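Hi,

Here is the structure I said I would pass on. Have a look first, and my notes follow below.

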Amino acid sequence: MKILFGGLTKAHDTLISFALSGLGYEAIPLPTPDNESLRLGKEYCNKGQCNPTYYTVGNLIKFLLSVKEENPEEEYVFVTAGACGPCRFGMYEMEYRKALKEAGFPRFRVFAFEQSKAFFESAQLAGIKLDREFFKSLIKAIVLGDLLNDIYYKTKPYEIQKGETDNWREESLFILGEALKERKGLRKALSRVREKLRSVKVNYLVPKPKVKITGEFFAQTTEGDANYRLASWLVEEGAEPVVEPVSTWIDYLIFKREIDTKERAFKDRLGALKTLAGLLALKLYLRAVYNAYRFLLGNKPDPLKSQKKLAKYAQPYYSPKLAGGEGHMEVGKHVYAKKHKLAHLVVSVKPFGCMPSTQSDGVQQKVSKDLGGSLFVSVETSGDAEANVKSRILMKLYEAKLLAREEFERAKKELNINEERIKSAKPVSADTRLPRRYTTTASNALLLLK
Ligand code: SF4
């Protein structure tokens, strides 16, 4: 039996497939959802669903139709994330079942991750053992995907030899994937990845605006038509995208569950204590893995954000007790990006009509004002509004470019570095970790010339 899954970035999906094969499963990542997936999703799902439903359900149906001759109802199962939140995310599983039935696959098995005994039992019956090793391998693969993506977008905009960063990512995925599959040698594999990064040469001394991508989880994470390939398009437009690790989402789910458990602790104190202990262990494990791998990559990727800090930043505008979608995190990340000099511009991307994200947008103007006029733009994706979305972002990107250049000029004066010194500077290795004084990468790179 083969396990189908997908919906994250290419790096995550590839590494998860290696990690699961190390546990003895044949795991196949589905291709990145495209507009054909959206069309199929709209054809077979109920009307009025959110885009992520259409894209992910349609993507699965597209694959099943392509392997129709192989008896996919017996040969494959699909594993995805499930939830029972107040937004429409809670209806995904039902939509999968309805659409699969209408597309001619009524007996196809879908497993949506949730913390219920029934889910664990039915997965067991299908031959998927959801034990500690399974979740540890999954977390390792996700964290490694996060760290590779972080480095990739810090490097790609500044590469001297076009395509070198892409080659580095391909090779790194294979090196790390093999280590995950063998279930040993990750430390060595990470040193090899770092070594290979050292041979990629970059010119950081070109001021480019940093653009933080936030918004609804699927829309901000996917790398395909569902967000018009936002991150790679920003690179083409001369910006440096700042992408969010999937680990932040896992950390948020733990944080949210902690809040809910504490709120309901009066009903069953012992049960609440046990749940909180389990959540603490999971949180510590996630952070330990993240920090250890980050360290082995020379601390080049950003650290994982503190959930407490995100909640504190969001609190005056959006209650951390409100559930659904990214909850308070969209507001928290906007404040974080400005306060920690992470980006010049924040782009919040959401599927058309996303309820929690629209709620956040309601306060983002006030957040911008309170932050002294931070640059923020929110865009809705519907599969057919690419020109509109991109032109709205371009307007703000122009302002962000001016900010980056202004800051670079100011930094030159502050550090007393002239144009000649900049022109004579040699390219540096992409594994160089820059000091963090300014927002712009080029301004921070000036500190190396001092
Ligand atoms: S977060 Fe938004 S897009 Fe995602 S399920 Fe909820 S309403 Fe739909």
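What percentage of the 450 residues of the protein chain count as buried? The answer is 43%, where buried takes 20 or more other C-beta atoms within 10 Å of a residue's own, with C-beta atoms placed from the backbone (exposed is 12 or fewer, partly exposed is in between).

Two caveats before the rest. This is a predicted model: local features need pLDDT of at least 70, side-chain atom pairs count only at pLDDT 80 or more, and totals for chains, interfaces and linings use all residues. Residues are numbered from 1 along each chain as its sequence is written.

Overall picture: the protein chain has 19 helices and 10 strands, taken as DSSP runs numbered from the N terminus (helices are H or I, at least four residues; strands are E, at least two). Its radius of gyration is 22 Å, close to the 22 Å from the globule rule for 450 residues, so the chain is as compact as a globular protein of that length. That radius is over C-alpha atoms, and the rule is 2.2 Å times the number of residues to the power 0.38. The C-alpha trace spans about 70 × 50 × 45 Å along its principal axes.

The sheet: four strands form an open sheet in the order β7-β6-β8-β9, with parallel pairing. Pairing here needs at least two bridges found by DSSP. From one strand to the next, the twist averages 25 degrees; angles run from 0 to 180 degrees between N-to-C directions, with axes fitted to C-alpha atoms (for helices, over the stretch in contact). Strands β6 (210-215) and β8 (345-351) share 5 bridges, and Val211 stands opposite Leu345 in β8. Helix α15 (329-339) packs on this sheet, touching β6, β8 and β9, and its direction makes about 165 degrees with that of β6. Contact means C-beta atoms, placed from the backbone, within 7 Å.

The domains: an automatic or database assignment divides the chain into domain 1 (26-127) and domain 2 (203-244 + 328-450). Their C-alpha centres lie 34 Å apart.

Cheers

Technical notes
Contact = placed C-beta atoms within 7 Å.
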